[in-house]
Amino acid sequence: MAPRAVAIIPATLVAGLVLAPLTAVLIRGGGPSALGPADWAALRFTLLQAVVSSALSVGLAIPVARALARRRFPGRSLLITLLGAPFILPVLVAVLGLLAVFGQNGWLSALLGVFGLPPVQVYGLHGVVLAHVFFNLPLATRLILQGWLSIPAERLRTAATLDLPPFAIFRLIEGPMLRHIAPGAALIVFTLCLGSFAVALTLGGGPASTTVELAIYQSFRFDFDLSHAATLATVQLALVAVSALLLLRLPLGEAMGAGLDRTLRRWDAETPRLRVLDAVWIALAATFLLLPLLAIALRGVPGLATLPASVWQAAGFSLAVALGSTALCLALALPLALGRGEPAALLGLAISPLVLGTGLFLLIQPHASPFTLALPVTALVNALMSLPFALRALRPEVQAITAQYGPLAQSLDLSPHAWTFRILLPRLRRPLGFSAGLAAALSMGDLGVIALFADPERATLPLQMYRLMQGYRMESAAAAALLLLVLSLGLFWIFDRGGRADADT
Amino acid sequence: MRIPSLAAGILMTTASLAAAETPVLTVYAPDYFTSEWGPGPVIEAKFEETCACDLQFLPGDLMPRLLLEGARTRADVVIGLETDVTKKARETGLFAPHGQDLSSLTLPLDWTDDTFLPFDWSYVAFVYDTTKIDTPPTSFDDLIAMPEDVKIVIQDPRSSISGLALLLWVKQVYGDEAEAKWAALAPRILTVTKGWSEAYGLFTDGEVPMVLSFNTSPAYHIAAEGDETKAAAIFDEGHYAYVELAAKVASTSQPELADAFMSFILSPAFQQAIPETNWSYPSALPREDWPQVFRDLPAPDTAILLDEDAAAAIRDEALDEWRRALSQ
């Protein structure tokens with residue numbers, strides 16, 4: 001086994017796929033340009049909202065994940081699947097769903113009105129954070145839940161034997177696990193929030209909520225200033241790089257140590273107080289996350305009958321793109337997870353999609369038609385985007401498995417083939433299923449880089465949804481959004497379920 | 001790796017299409033234009049009846065793509081440019097004169113441009129829900145004086161053409177007072193969106209009773225949905241005109257076909273297709289030939305449109321004022 005070497009090839013590939021287009025845009029733009037006062041203001045706001053959003057998403061995800069880890073209840077599995085939904089929704093759909101609940105004419109405002117209270121004022125920094133927590137709390141919850149489920153059952157058994165109180169268990173067992181898992185989860189949420197644009201602007205209420213991504217869009221669309229767009233994209237990458245260095249170099253706590261690979265049971269959490277506490281956390285999270293989904297579903301139902309055949313056809317193309325993207329993502333993620341491939345993978349999420357698309361266009365256009373390559377490019381861009389999530393799910397498990405079974409494998413002189421297929425992959429089933437589900441669903445809901453890569457014949461489902469909106473067909477667009485939500489969730493569920501088939505979760 | 005096989009499959013399909021003998025006219029157009037709910041399909045069918053050619057619309061962002069491609073572009077004609085990009089587009093030298101007689105134009109303003117040919121237009125306007133607003137504002141001052149609980153949504157002038165049109169409109173009406181007027185309007189602006197779709201979605205979802213759109217938007221609701229509750233508020237000071245343009249690419253390998261398409265744009269066949277597919281006014285069709293619903297739409301007396309040099313000269317200043325006033 002030479003995990004380092006195995007990881008180098010995909011890491012180089014991914015870094016090249018991100019940095020070559022960025023460089024192409026920089027060169028075409030004539031080198032970097034200086035940042036103006038408006039850019040600095042955008043940078044400050046972008047950082048502020050990303051730090052607050054990621055801290056809050058991960059902070060809230062910890063009690064929710066703990067509650068989900070130590071409770072069994074009917075519908076738990078369904079709830080965990082549904083929790084994946086906000087994250088994979090197209091931005092526009094999610095915003096309309098959120099505002100149907102939290103908007104000034106939303107359900108919450110209506111409820112307040114019953115008691116004679118004024119409507120919710122959702123627009124502002126708090127609105128941006130609310131939306132980002134809506135998107136990212138479920139993701140952080142899933143990543144941290146994986147951490148909880150990877151705690152060796154033996155440790156908890158020992159703790160129960162010693163009759164350790166919950167606080168001691170947190171300090172000795174859960175705390176170290178969180179130090180291991182939470183910084184990576186925060187980093188990925190932070191990176192996602194850095195790239196926010198339409199959400200931050202709409203929920204932020206105006207130009208005070210200008211993000212770097214908006215400045216990039218403006219440079220590209222309105223000023224045709226590639227130099228400036230590329231400079232801003234480089235700044236964004238640098239921010240992620242610095243944060244990655246800070247967060248991933250933290251003393252991470254050791255991986256969990258060895259157990260006998262059994263599922264989790266908690267003897268310590270059976271007190272009534274903890275039961276109620278967990279129930280409250282689960283109920284709060286479920287209400288917060290599921291109500292906007294319900295709003296999206298209710299908006300969509302009336303138009304379902306009006307959906308033209310082309311929308312169903314688009315759903316087919318989107319499925320093909322999603323599956324291609326998933327295969328590509330896993331093919332890159334597995335070898336990267338064996339080594340230290342995470343920083344390279346983060347690049348795919350940190351790069352501005354607009355700049356990435358422009359760079360790919362510059363590189364491809366002399367050799368092939370960007371129109372005919374639209375779907376493959378979409379699949380590629382989506383795979384790059386979902387790579388960091390896959391690694392975040394896979395890497396801690398790979399480390400744990402290596403720590404636990406590595407010595408045994410060495411003493412048995414196990415062949416790399418046997419190690420991979422007999423030991424590693426079977427134990428990676430859960431994170432692999434989760435990663436594949438996430439990659440597929442993300443790709444399903446993503447517009448790709450349509451500004452420059454749009455296929456005249458084969459439109460994807462999110463694209464058809466936008467087209468319906470642009471053609472004033474709001475009811476059909478809402479139905480297309482519902483279809484998208486159902487298909488994305490379906491894909492996510494199939495893969496994720498496949499990964500959990502042998503687990504009692 | 002799936003990509004090579006997928007790409008190969010797609011390339012083969014394209015190759016078999018290209019093998020046909022008929023000449024191909026390639027027209028770049030915005031996504032909404034080529035969509036099956038836009039004017040693209042019907043225009044393609046009507047033009048192909050007359051040209052013995054294959055008209056292919058290719059969707060995407062027009063100017064960024066053209067600038068990236070330069071003279072190597074595949075486009076013969078570009079349709080869907082807006083007035084705010086003409087200056088930049090002209091300076092590239094990528095476009096040839098359209099060579100059309102402009103006397104058939106029915107725009108509310110003089111149009112003499114020899115390169116960019118209008119194919120449709122409308123007025124930028126605030127569209128409101130008549131069940132929620134009894135007395136719509138009849139001027140910007142009226143809008144500013146409305147109760148603070150009447151909220152509107154506008155588009156960001158840095159990412160949306162209609163948002164930019166509003167910016168220029170306010171600047172043209174108020175001049176040096178524009179920043180103060182924006183500050184006065186700010187409490188009524190619930191939020192600013194990236195593009196038109198988000199804003200209009202918030203409006204139809206009932207989050208706001210009024211939204212920045214076009215005076216022709218209600219035509220869709222009336223004609224297609226039988227819904228008479230959406231109307232445009234008409235301002236006394238006049239409205240900014242939103243004119244969409246086509247241009248012939250200088251490097252075209254199909255100059256005759258491109259010319260034929262440019263003149264087709266001004267023909268009744270094209271013009272009659274526009275109102276009820278693009279939900280805007282046709283650029284070269286007498287009012288009496290418009291669909292009834294468009295003739296009945298309330299419209300302002302005055303059209304405002306800054307020429308490209310004037311717009312370029314004030315854009316950055318107006319943007320700074322807007323950002324300052326709305327960032328408070």
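First, the ground rules. Residues are numbered from 1 along each chain as its sequence is written, while chains are lettered from A and ligands numbered from 1 in the order in which they are written. Because the model is predicted, local features need pLDDT of at least 70 and side-chain atom pairs count only at pLDDT 80 or more, whereas totals for chains, interfaces and linings use all residues.

I start with helix H17 of chain A, residues 374-412. Helices here are DSSP runs of H or I with at least four residues, strands are runs of E with at least two, and both are numbered from the N terminus. H17(A) has 39 residues, yet its end C-alpha atoms are only 49 Å apart. A straight helix would reach 57 Å at 1.5 Å a residue; that expected span is 1.5 Å times one less than the number of residues. Where is the kink in H17(A)? It lies at A:Tyr405, shortly before the proline A:Pro407, and is about 50 degrees. The bend at a residue is the angle between axes fitted to the seven residues ending there and the seven starting there. Just after H17(A), A:Asp413 has a positive phi of about 55 degrees.

Is H17(A) enclosed or in the open? Of its 39 residues, 29 are buried, so the rest of the structure largely encloses H17(A). Buried means that 20 or more other C-beta atoms lie within 10 Å of the residue's own, exposed means 12 or fewer, and partly exposed is in between, with C-beta atoms placed from the backbone. Now take helix H6 of chain A, residues 107-114: the number buried among its eight residues is zero, so H6(A) lies largely in the open. Just after H6(A) comes A:Gly116, with a positive phi of about 75 degrees.

Next, a helix pair. H11 (residues 212-221) and H12 (residues 226-248), both of chain A, pack at an angle of about 160 degrees with their axes 8 Å apart. H11(A) is therefore roughly antiparallel to H12(A). Axes are lines fitted to C-alpha atoms, for helices over the stretch in contact, and angles run from 0 to 180 degrees between N-to-C directions. Under 35 degrees counts as roughly parallel, over 145 as roughly antiparallel, 65 to 115 as roughly perpendicular, and the rest as oblique.

One residue of H11(A) is A:Leu214. A:Leu214 counts as buried because it has 24 C-beta neighbours inside 10 Å. What does A:Leu214 touch, leaving aside residues up to four places away in sequence? The answer is A:Ala42, A:Phe197, A:Leu201, B:Arg158 and B:Ser159. Contact means that the C-beta atoms of two residues, placed from the backbone, lie within 7 Å. A:Leu214 and A:Ala42 are 172 residues apart in sequence, but 8.5 Å apart in space, C-alpha to C-alpha.

Last, two residues of chain B. B:Ala52 sits in the loop between helix H3 (40-51) and strand S2 (54-59), and has a positive phi of about 50 degrees although it is not a glycine. With 9 C-beta neighbours inside 10 Å, B:Ala52 counts as exposed. B:Trp279 also has a positive phi, near 50 degrees, in a residue other than glycine. B:Trp279 lies in the loop between helix H13 (275-278) and strand S11 (281-282). B:Trp279 has 25 C-beta neighbours inside 10 Å, so it counts as buried.
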